[in-house]
Amino acid sequence: MRLDIHGLTHTYPDSHIPVLNNLCFSMESPGFNAIFGPSGVGKSTLARIISAQQAHTRESIRVENISTILYSYNLERLPGWATTGKHLDRVTPEEKKVLKKELVDIFQLNPLLDQRFAALSMGQQNRVNLIRYLVQDFDLLIMDESLANVDEALRQEIILAIKALFTTQMFLYISHNLIEVATYCRQILVLGQSPDAGNAALVNGQDHT
């Protein structure tokens, strides 16, 4: 399992300055890796490019033993046609029902299953949304601030549970919490700002389990 990015440059249509400029890095093996950096350096842009593998970037992106890439992001909205519990039931494949129940317990969402998504806090919404992705089949899941607004103790419990339950999948974790990223992620792609839009370095985390 491997993700290779080589010479990736991306410029928005209304700008002359690339948000990503000749970006190169490699990540391999299942587990948690991270994208870290201040706001505006292209973390979410990179996540969307990797998940979509858009035609104009395919020459810069190579994957090995990765067929399905999913992208979960902060403040993603769910439809309002049903309660949270009924929505999770509907989107969960039959063979993943036991996993869904386990995740609901770990994410501390049982008291909220009879409520509609719009009635939940932002942290509760993010937890529900993340379960929607975890119960699907995937090889790589990009978590773009997916646990934002979740208290630190529960966030730690969730990360450790995901690492224990999903041992054959790769994760790209985007967070502004440096200590959290360094503690739980194997490799960290650090994006920085420069006049040329794209200082980047790949460093090792502690990867505690």
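**From the sheet to the aromatic cluster**

Tutor: Helix H1 (residues 43-52) lies across S1, S2 and S4, and runs at about 120° to S1. Contact here means heavy atoms within 4.5 Å, while axes are lines fitted to C-alpha atoms, for helices over the stretch in contact, with angles from 0 to 180 degrees between N-to-C directions. Helices (H or I, at least four residues) and strands (E, at least two) are DSSP runs numbered from the N terminus. The model is predicted, so local features need pLDDT of at least 70 and side-chain atom pairs count only at pLDDT 80 or more, whereas totals for chains, interfaces and linings use all residues. Residues are numbered from 1 along each chain as its sequence is written, and side-chain values use heavy atoms, with hydrogens and water left out.

The strands under discussion form an open sheet of three, in the order S2-S1-S4 and with antiparallel pairing, where two strands pair if DSSP finds at least two bridges between them. Its edge strands, each pairing on one side only, are S2 (20-28) and S4 (61-64), and neighbouring strands are turned by 5° against each other on average, direction ignored. Strand S1 (residues 2-10) is joined to S2 by six bridges, and Leu-3 has Met-27 in S2 as its bridge partner.

Now to the aromatic residues. Six aromatic pairs are found in a search of the whole structure; rings of Phe, Tyr and Trp (its six-membered ring) pair if their centres lie within 6.5 Å, and planes under 30 degrees apart count as stacked, over 60 as edge-to-face and the rest as tilted. The pair of Phe-138 and Phe-171 is edge-to-face, because the ring centres are 5.7 Å apart and the planes stand at 75°. Since Phe-138 lies in the loop between helix H4 (122-134) and S6, and Phe-171 in strand S7 (residues 170-174), the pair ties together parts that are 33 residues apart in sequence. Both of these residues are buried, that is, under 20% relative accessible area, with exposed meaning over 50% and partly exposed in between (1.4 Å probe, protein chains only). They belong to one aromatic cluster together with Phe-32, Phe-166 and Tyr-173.

Phe-171 is also among the residues with the most contacts inside the largest nonpolar core, which has 38 residues; such a core is a set of buried Ala, Val, Leu, Ile, Met, Phe, Trp, Tyr and Cys residues joined through side-chain atoms within 4.5 Å. The elements that each supply at least two residues of this core include strand S3 (31-36), helix H3 (97-106) and helix H6 (178-184). Apart from this core lies another, of 25 residues, among them Phe-25 and Tyr-71.

Tyr-173, which lies in strand S7, is buried, with a relative accessible area of 3%. Not counting residues up to four places away in sequence, Tyr-173 touches several residues, including Phe-32, Met-143, Arg-155 and Glu-180. With the side chain of Glu-180, the side chain of Tyr-173 makes a polar contact (2.6 Å), meaning a pair of N or O atoms within 3.5 Å; within protein, one must be able to donate a hydrogen and the other to accept it, and residues adjacent in sequence count only if both atoms are side-chain atoms.
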